[in-house]
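These are my notebook entries on a structure that was new to me. I set down what I looked up, in the order in which I looked it up.

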Amino acid sequence: MIYTTTLLSRGSLIGSLISKVRPLAAASISNSSVHQSKTLEEQVGLPPRPKKPLTPYFRFMREMRPKLLANDPKKSAIEIVQELSKRWVDVDPKLKERLQTEYKKDQETYMELRTKYESKLTDEQRAEIKQMKQDISDAKERKQLRKRVKELGRPKKPASAFLRFVASERLNSPQTLQQTYREWHQKATAKWTRLSDEEKNVYLQESRKELDHYKKAISIWEEKMIRLGHIDVVRSGILIDPPEPKARKSQSIKEKLV
């Protein structure tokens, strides 16, 4: 039997609302955008690392791009790159030589600045930067895995009882024009805490029912993934073979006598 996972038995409308509510439940005021705009060195309190100089090809792109846009402002970025790539193949040798000379000069300066910069780093700072690079790499791998799992059709885990309540509140007590979404969400959260156990149980029952369907669906899906060779998308616990049952003492004694 094939089981399908639905978010709410009440209909797809509330299910779609849950998909909108779910990110907010995990969201908080953070400085992630600030971190993205800073280099790893700046995040640990260091001045930015010297930047590598542009290669001759990218110097050519930087010089020629404004001229192309001046002649045809409607050109897209892709069209500009395509045209400049073709021009670079037959570029004037003197221009290419000049760009190469500029690059070599800037490269020498860059190497000197980088050597001085790295000589001032402490072992603790190096270790912290190395760990941050590893964290970024791990995050990218997790993102790629989530994308791959989605493409392979992994069943979605059903919403919790709380998220079901919040989704229903979107219908029953929608956000007003005077409210921010955060204010509305805080009000809904406070209302959830005031619900009696009997009132919460309505949402808990729905969540448990969908969770049972999900467990069966995910089991079927993971078996299929194993057969297809997609071991990396299967939960590690599924791949652990159960221990073999221990033989009873009486049985082992009989085997020895035989």
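**Entry 1. The chain as a whole**

I note at the outset that this is a predicted model. I began with the secondary structure and found eleven helices and zero strands in the protein chain. Read from the N terminus, the elements run α-α-α-α-α-α-α-α-α-α-α. I then looked up burial: of the 258 residues of the protein chain, 23% count as buried. I also looked up how far apart in sequence the contacting residues are. Among contacts in the protein chain with a separation of 6 or more, 70% come from residues 24 or more positions apart.

**Entry 2. Helices α4 and α5**

I recorded the angle and the distance of the axes here, because two packed helices are described by these two values. Helix α4 covers residues 56-71 and helix α5 covers residues 77-89. They pack at an angle of about 120 degrees, and their axes are 10 Å apart. This angle makes α4 oblique to α5; I checked the cut-off, and 65 to 115 degrees would have counted as roughly perpendicular. The crossing of α4 and α5 is right-handed.

Next I listed the residues in the contact. On the α4 side I found Pro 56, Tyr 57, Phe 60, Met 61, Met 64, Arg 65, Leu 68 and Leu 69. On the α5 side they meet Ile 80, Val 81, Glu 83, Leu 84, Ser 85, Arg 87 and Trp 88. By class, the residues of this contact divide into eleven nonpolar, one polar and three charged.

I searched for aromatic pairs and found that the structure holds eight. One of them joins Tyr 57 and Phe 58, with 5.3 Å centre to centre and 70 degrees between the planes, an edge-to-face pair. Tyr 57 has a relative accessible area of 23% and is therefore partly exposed. Phe 58 is also listed as partly exposed, at 46% relative accessibility.

Tyr 57 has a further partner in Trp 88: the ring centres are 5.7 Å apart and the planes stand at 75 degrees, so this pair is edge-to-face. I asked myself which parts of the chain this pair ties together. Tyr 57 lies in helix α4 and Trp 88 in helix α5, so the pair links parts that are 31 residues apart in sequence. Trp 88 has 17% relative accessibility and counts as buried.

**Entry 3. Gln 100 and its distance to Pro 56**

I followed α4 back to Pro 56, one of its residues in the contact with α5. The C-alpha atom of Pro 56 is separated by 5.4 Å from that of Gln 100, although the two residues are 44 residues apart along the chain. Gln 100 lies in helix α6, residues 93-119. I looked up its accessibility as well: at 30%, Gln 100 counts as partly exposed.

**Entry 4. Helices α8 and α9**

I repeated the helix search further along the chain. The axes of α8 and α9 come within 10 Å and cross at roughly 120 degrees. α8 is thus oblique to α9. The crossing is right-handed.

In α8 I listed Ala 161, Phe 162, Phe 165, Val 166, Glu 169 and Arg 170. In α9 they meet Tyr 181, Trp 184, His 185, Ala 188, Thr 189, Lys 191 and Trp 192. The residues of this contact divide into eight nonpolar, two polar and three charged.

I took Ala 161 in helix α8 first. Is Ala 161 buried or exposed? At 7% relative accessibility, it counts as buried. Leaving out residues up to four places away in sequence, Ala 161 touches Trp 192, Tyr 203, Leu 204 and Ser 207. I also noted Glu 206, which is 45 residues from Ala 161 in sequence and 7.5 Å from it in space, C-alpha to C-alpha.

I then turned to Gln 179, whose place is in the loop between α8 (161-172) and α9 (181-194). Gln 179 has 19% relative accessibility and counts as buried, because the cut-off for buried is under 20%. With residues up to four places away in sequence left out, Gln 179 touches Pro 174, Trp 184 and Lys 187.

Conventions:
Residues are numbered from 1 along each chain as its sequence is written. This is a predicted model: local features need pLDDT of at least 70, side-chain atom pairs count only at pLDDT 80 or more; totals for chains, interfaces and linings use all residues. Side-chain values use heavy atoms; hydrogens and water are left out. Axes are lines fitted to C-alpha atoms, for helices over the stretch in contact, and angles run from 0 to 180 degrees between N-to-C directions. Helices (H or I, at least four residues) and strands (E, at least two) are DSSP runs, numbered from the N terminus. Angles under 35 degrees count as roughly parallel, over 145 as roughly antiparallel, 65 to 115 as roughly perpendicular and the rest as oblique. A crossing is left-handed if the near helix is turned anticlockwise from the far one by less than a right angle, and right-handed if clockwise. Contact means heavy atoms within 4.5 Å. Ala, Val, Leu, Ile, Met, Phe, Trp, Tyr, Cys and Pro count as nonpolar, Asp, Glu, Lys and Arg as charged, and the others, Gly among them, as polar. Buried means under 20% relative accessible area, exposed over 50%, partly exposed in between (1.4 Å probe, protein chains only). Rings of Phe, Tyr and Trp (its six-membered ring) pair if their centres lie within 6.5 Å; planes under 30 degrees apart count as stacked, over 60 as edge-to-face and the rest as tilted.
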